[in-house]
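Subject: A structure for you to look at

Hello,

Here is the structure I promised to pass on. Please have a look at it first, and then read my notes below.

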Amino acid sequence: MPWRNGGGVTREYLVHPGADGFEWRVSVADVASDGPFSEFAGYERVLTLLSGAGMVLTFAEGVTVVLDQPLQHHRFAGEDAVNATLLSGPTTDLNLFWRRDLWEATVQVLQAPCRVAGGNPALAYVAAGAARVGDVQLGAGDLLSTDVPLDVAGEAELVVFELRPVRAACL
């Protein structure tokens with residue numbers, strides 16, 4: 001789907017719908033040129049560099065963040081005015097967005113074999129290598145979603161997001 005600002009496209013992996021669009025979503029974006037990020041007011045986001053030489057994120061208040069190592073990530077507010085400058089050619093980025101009034105999220109990079117926690121939504125993206133959960137084989141680019149603890153076998157690098165509700169929801 002096209003970016004909100006029209007500057008590129010993203011592939012949505014998983015979307016948790018909500019009253020005003022979505023409560024959280026995981027997506028992968030191909031960034032081919034320098035430019036501003038789309039605004040997502042009311043959301044937090046974590047951007048994780050998957051491939052490419054990386055980028056420099058320049059925030060409106062003058063802060064810069066360099067993402068130049070695979071699986072390096074940075075969290076920031078969706079309404080922050082951010083401009084990306086590519087270091088040397090296109091990049092591919094994994095993104096988690098979540099409504100901050102409903103969810104809190106953490107991100108960690110794990111090496112399989114490992115255990116992915118449960119009890120809340122947990123999302124494990126296979127960034128490299130091959131993993132296995134029971135009889136299910138996972139390769140680079142696959143996303144596992146679970147709300148129960150899972151043992152992940154194999155030799156893989158995983159980006160794991162865990163989401164926790166901020167407050168009880170009304171039914």
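The side chains of E104 and R75 meet in a salt bridge, with N and O 2.8 Å apart (a salt bridge is a side-chain nitrogen of Lys or Arg within 4 Å of a carboxyl oxygen of Asp or Glu). E104 belongs to strand β10 (residues 103-111) and R75 to strand β7, so this pair ties together parts that are 29 residues apart in sequence. Strands here are DSSP runs of E with at least two residues, and helices are runs of H or I with at least four, numbered from the N terminus.

Before going on, a word on what you are viewing: this is a predicted model, in which local features need pLDDT of at least 70 and side-chain atom pairs count only at pLDDT 80 or more, while totals for chains, interfaces and linings use all residues. Residues are numbered from 1 along each chain as its sequence is written, and side-chain values use heavy atoms, leaving out hydrogens and water.

The mean pLDDT (the predictor's confidence in each residue, from 0 to 100) is 92 for the protein, and 96% of its residues reach 70 or more.

R75 also forms a salt bridge with E44, where the closest N and O atoms are 3.3 Å apart. Since R75 lies in strand β7 (residues 73-77) and E44 in strand β4 (residues 43-51), the pair ties together parts 31 residues apart in sequence. How exposed are these residues? R75 is partly exposed at 37% relative accessible area, E104 is partly exposed at 28%, and E44 is buried at 12% (buried means under 20% relative accessible area, exposed over 50%, partly exposed in between, with a 1.4 Å probe and protein chains only).

Another salt bridge joins R100 and E79, with the closest N and O atoms 3.0 Å apart. This pair links distant parts of the chain, 21 residues apart: R100 is in the loop between β9 (91-99) and β10, and E79 in the loop between β7 and β8 (82-86). R100 is partly exposed at 31%, as is E79 at 35%.

E44, R75, E79, R100 and E104 are linked in a network of salt bridges. The whole structure holds eight salt bridges.

One more residue to look at is E162, in strand β15 (residues 150-165). E162 is buried yet has no salt bridge, and R164, the nearest side chain of opposite charge, is 5.1 Å away (Lys and Arg count as positive, Asp and Glu as negative; His and the chain ends are not counted).

Best wishes
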